[in-house]
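This briefing is meant for a reader who is meeting the structure for the first time. Please look over the sequence and the model before reading on.

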Amino acid sequence: MLRNQPGTSPAATSFARVSGLAALGFAFLIVVGNVVLVPAGLPRTGAGIGEVDGFFRAHGDLVGIGSALTPAAWVLATLFGAGAVRVLWQSERDRGEAWALVGFAGLILQNAVFAVVIAIRLALASMAGDGVGAAASLWALHDTLFTLNGTFLALALVGLSLAGMRGGLIRPWHGRWGLLSAALLFGSAVLTPLVVDHVGPFGLLGLAGWLMWVVWVVVYGVVLMRPAPTSQPPTGP
């Protein structure tokens with residue numbers, strides 16, 4: 001693996017393992033956040049305002065609990081991306097490429113977009129607590145941002161998958177898994193008007209891509225944490 005090539009310091013290897021652990025923590029937190037909200041009836045993208053209003057009136061406390069996990073998730077996602085860039089940077093520089101930076105940019109952008117999504121959910125919960133009905137325009141903005149965020153998840157998947165495959169850090173199947181997940185998420189983002197306006201099969205594209213994204217993050221984290229006694233030659237995409 002790249003971390004154990006000649007000239008790689010123990011500190012760099014340690015940071016890679018920290019970033020791998022951060023990836024596992026990030027995946028855990030985003031799954032737990034959904035486990036808290038989805039069984040309670042979190043409205044799907046494109047849901048009617050009546051359903052949205054009913055959920056936030058009944059489950060404002062759960063929204064607060066789920067949202068409390070997200071700041072830590074964003075920190076962990078940033079650590080994961082930074083660690084992957086650190087591991088891959090030398091091989092990327094030697095090839096004159098910057099796919100890892102593309103992936104890191106995707107992680108940072110998805111953090112920013114999802115911060116707005118969470119802020120809207122908290123605003124809706126606060127309004128419900130004050131006896132104010134949910135605003136249709138606010139929920140429409142939530143759905144639009146939530147779906148468009150697939151663009152930045154796709155950037156993260158493409159950048160770090162290509163960098164990892166070309167640098168010999170991850171196995172080809174893992175990279176292809178990431179590229180397929182990226183295609184599903186990007187396709188959902190492109191179809192945002194249909195996803196937001198119609199509760200139906202179009203939303204399943206994003207869901208499938210998101211589930212694959214979680215698996216991809218977990219496997220990447222394990223790769224970063226795993227000791228590598230021997231170097232592997234770079235592989236093509």
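What is the accessible surface of the protein chain, and what share of it belongs to carbon and sulfur atoms? In this predicted model, the accessible surface comes to about 10600 Å², and carbon and sulfur atoms account for 72% of that area. The protein chain has 237 residues, of which 43% count as buried.

**Overall fold**

- The protein chain contains 10 helices and zero strands, so that, read from the N terminus on, its elements run α-α-α-α-α-α-α-α-α-α.

**Helix H5**

- After H5 comes glycine 131, which has a positive phi, near 80 degrees.

**A nonpolar patch on the surface**

- Trp99, Val102, Leu109 and Leu155 form a nonpolar patch on the surface, and together these residues have about 280 Å² of accessible area.
- H5 provides the largest share of this patch, namely three residues, whereas leucine 155 is found in helix H7, which covers residues 150–166.
- Leucine 155 has a relative accessibility of 32%, and it therefore counts as partly exposed, a class that lies between the cut-offs of under 20% for buried and over 50% for exposed.

Technical notes: Residues numbered from 1 in each chain as written. Predicted model: local features only at pLDDT ≥ 70, side-chain atom pairs only at ≥ 80, totals over all residues. Heavy atoms only, no water. Helix = DSSP H or I, 4+ residues; strand = E, 2+ residues; numbered from the N terminus. Buried < 20%, exposed > 50% of the residue type's maximum accessible area, 1.4 Å probe, protein only. Areas by Shrake-Rupley, 256 points an atom, 1.4 Å probe, with all protein chains shown as cover. Patch = residues over 30% accessible without salt bridge, like charges linked within 9 Å, V, L, I, M, F, W, Y side chains within 5 Å. Salt bridge = Lys/Arg side-chain N within 4 Å of Asp/Glu carboxyl O.
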